[in-house]
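Here is a friendly walk through the side-chain packing of a protein model. Keep the viewer open as you read, and follow the residues along.

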Amino acid sequence: MKYIYIVNGRPDKAAQYQDFYDQLKLNPHPYEVYTTLGEGDATRYVRLYCDLHPEEEVCFVACGGNGIINGVASGLVGYAQSSLEAARQCENKTMAVLYFAGATEDFIINFPGRNFRSVKDMLEGTVTPTDIIQVNDSYCLNVCNIGFNSKVASRANELVEKGKSAHEAYTRGVINAILTSRYNRIKVMVDGERIARGPMVLCTFANGRRVGGEFNCAPDARLDDGLMDVCYFRTMSLLRLLMLIPHYKAGTHIGSRVAGKRVLFRHAREVVISSKDLIDIYLDGEQLPGSQFHLKVLPGALPLRLPKIEQ
């Protein structure tokens, strides 16, 4: 088995990987380190490597936060989905995650009791088939969101790029979204049925449990049940929304007295989103603009190597 570690090539991230390189020296094994060249490069690299090395047994290790994790997963699953021959070639390809230099821990929070900062634990781990959500020609491993959450993510990403902490960035993003994004006219069809009519605040489509570093949008979500957890917030008064935000952070918003009939929840295999205006959907924090989106769960499509469970 060969391991290819894929790290973020941004110069400001280099110092945060020192522990990773120290661990590689302490755990000899066949490996390469690939440093990304820019946005989307992780996905391109993984797909090209699979195409050029069909017989090689490889584990692609995403080293970083949500963006690099999404990029590697999208490359591997996207290539496997492209044809029957590609699917056959990917039978000996897996993915793992080492969490370095990320803004939030949204993905790894789904796997308590595992150390995603240990090369040794990753090497001693086991492969688990994991669901992934396909969104048009893109992919989402953790959470997709539209409306209010998209505004939060957009503003937060801007602030993180300017050097703000993830917590401060998302807090200020929430304040900005409260003022600008409570009346979104977006149609959401869940397994062929429209979930609600009228304007909406936000909607999340979750494979995992948490988004934005502190919002437990889908507290009971599982990455191996073949379903996405859909949570739809109808437009509501500013006071009710402000009262609901602490519940949204705690994961107690679904069925709460504050939410009433303003928060709707569904399990789904497929979702169709449409808007007369151009909108953004965020996939693991990555922006995808458009007016029509088709989401579907691909059960067990990602062979994910999880670190061994800590004793």
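Ring pairs join Y3, Y5, Y17, F20, Y21 and Y31 into a cluster. Keep in mind that this is a predicted model. In the whole structure there are twelve aromatic pairs. In the pair formed by F20 and Y21, the ring centres are 5.0 Å apart and the planes meet at 55 degrees, so the pair is tilted. F20 is buried, with a relative accessible area of 0%, while Y21 is partly exposed at 33%.

Another pair to look up is F233 with Y248. Their ring centres lie 5.3 Å apart with planes at 65 degrees, so this pair is edge-to-face. Since F233 sits in strand β11 (residues 228–234) and Y248 in helix α8 (residues 238–250), the pair ties together parts that are 15 residues apart in sequence. Both F233 and Y248 are buried.

Now for the nonpolar packing. In soluble globular proteins, nonpolar side chains tend to be buried together. The largest nonpolar core here has 36 residues, of which I6, F60, M95 and F107 touch the most other members. Elements giving two or more residues to this core are β1 (2–7), α2 (41–52), β3 (58–63), α3 (66–81), β4 (93–98) and β14 (286–306). The most comes from α3, with eight residues. If you select F60, you will find among its contacts I4, I6, V46, Y49, V72, L76 and M95. Another core, of 26 residues, lies apart from the largest one and includes V188, I195, F205 and I279.

Turning to charges, a search of the whole structure finds ten salt bridges. Three of them are set out here:

| Side chains | N to O distance |
|---|---|
| K2 and E32 | 2.5 Å |
| K249 and E214 | 3.7 Å |
| D224 and R222 | 3.0 Å |

K2 counts as buried at 16% relative accessibility, and E32 as partly exposed at 34%. Together with E56, K2 and E32 are linked in a network of salt bridges.

How far apart in sequence are the parts tied together by K249 and E214? They are 35 residues apart, because K249 lies in helix α8 and E214 in the loop between β10 (200–206) and β11. K249 is partly exposed at 32% relative accessibility, whereas E214 counts as buried at 18%. For the remaining pair in the table, D224 is partly exposed at 46%, and R222 is partly exposed at 45%.

Notes
Residues numbered from 1 in each chain as written. Predicted model: local features only at pLDDT ≥ 70, side-chain atom pairs only at ≥ 80, totals over all residues. Heavy atoms only, no water. Core = buried A, V, L, I, M, F, W, Y, C linked by side-chain atoms within 4.5 Å. Buried < 20%, exposed > 50% of the residue type's maximum accessible area, 1.4 Å probe, protein only. Helix = DSSP H or I, 4+ residues; strand = E, 2+ residues; numbered from the N terminus. Contact = heavy atoms within 4.5 Å. Phe/Tyr/Trp six-rings, centres within 6.5 Å; stacked < 30°, edge-to-face > 60°. Salt bridge = Lys/Arg side-chain N within 4 Å of Asp/Glu carboxyl O. Lists of a residue's contacts leave out its neighbours within four places in sequence.
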